[in-house]
Amino acid sequence: MNTCRFLRILFLGDIVGAPGRRVVGKFLELFKDNFDLIIANAENTAHGFGLTQKNLDELKSFGISVFSGGNHTFDRKEIFNFIDNEPYVLRPANYPPSTPGRGYTVIEVKGYKIGIINILGRVFMEPLESPFLVADNLVETLKNDSDFIILDIHAEATAEKMALANYLDGRVAAIVGSHTHVQTADERLLPNGTGYITDMGCCAAYNSVIGMALPGVLNRMVKQLPSKFEIAEGVAQMCGVEITIDTSSKTCTAVKRVRFNEANLDEDTAYYLNYFKQS
Ligand SMILES: [Fe+2]
Ligand SMILES: [Fe+2]
């Protein structure tokens, strides 16, 4: 039964290791009931690389229902034990057809069927199938199976994300970017109504380089030496977007950036308590 006028969807950027999971847990413990659906990019959940069953169970317990992926989805071998049995765990749809898992899903929320697609960019990334042509096919496939579509474009290049968003403008409700781990300030509605942000940012240690500790990063970048990236510890920040969908028109009415930082826990908590009280 379709009863509600607006759906509020929280989409979180890449969750990086324990600090990322912790800050997401803190935010959702307080505010999860304000959202009709919570989606997160989970490619870096397991100490920065991949996703384990334990991580997945923990994130589900926080209230997250759908998990998108990216170039790190298969970093942990154990994902092959469960990905085919998890209807709401995605890997990029433009991997070869024989790749385990799925690139899209449909979840029913308050009587509305929401199609969710995960696609990997190709610029400075793996040479997968064209994100544009794969998106064309999936939008066509989901047209009859869903009320509206949200797409996570996991890509390095801002131009590629913007090009895909404009290519699909009016055909999907919202396109959100992930992978660079740095939130962009360009959230908007495109001319034909699709909600868009180039990158949602990440949920990770705040004093870090995209969630990784400085010594390993600098060893590689300054000295040009091989070096293992380790998760950064310390206070963490959660980044994502709130997507509002008008259920009568099946279109996006707003994309708003969400940021919640343990370094400003009291202020950020007060801000969101007030925000949800007023909206
Ligand atoms: Fe990532
Ligand atoms: Fe990535």
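Select helix H4 (residues 131-143) together with helix H5 (residues 158-168) in this predicted model. The two helices pack at an angle of about 30°, and their axes lie 11 Å apart. Looking along the pair, the crossing of H4 over H5 is right-handed. To see the contact, show the side chains of Pro131, Phe132, Ala135 and Val139 on H4, then those of Leu164, Tyr167 and Leu168 on H5. Colour this set by residue class: the contact has 7 nonpolar residues, with no polar and no charged ones.

Next, select helix H1 (residues 17-31) and helix H2 (residues 53-62). Here the axes come within 9 Å and cross at roughly 20°. An angle under 35 degrees counts as roughly parallel, and H1 and H2 are therefore roughly parallel to each other. Their crossing is left-handed. On the H1 side, the contact is made by Arg21, Val24, Gly25 and Leu28; on the H2 side, by Asn55, Glu58, Leu59 and Phe62. Coloured by class, the contact of H1 with H2 shows 4 nonpolar, 2 polar and 2 charged residues.

How values were computed: Residues numbered from 1 in each chain as written. Chains lettered and ligands numbered in written order. Predicted model: local features only at pLDDT ≥ 70, side-chain atom pairs only at ≥ 80, totals over all residues. Axes fitted to C-alpha atoms, helices over the stretch in contact; angles between N-to-C directions. Helix = DSSP H or I, 4+ residues; strand = E, 2+ residues; numbered from the N terminus. Left-handed = near helix turned anticlockwise from the far one by under 90°. Contact = placed C-beta atoms within 7 Å. Nonpolar A, V, L, I, M, F, W, Y, C, P; charged D, E, K, R; others polar. Parallel < 35°, antiparallel > 145°, perpendicular 65-115°, else oblique.
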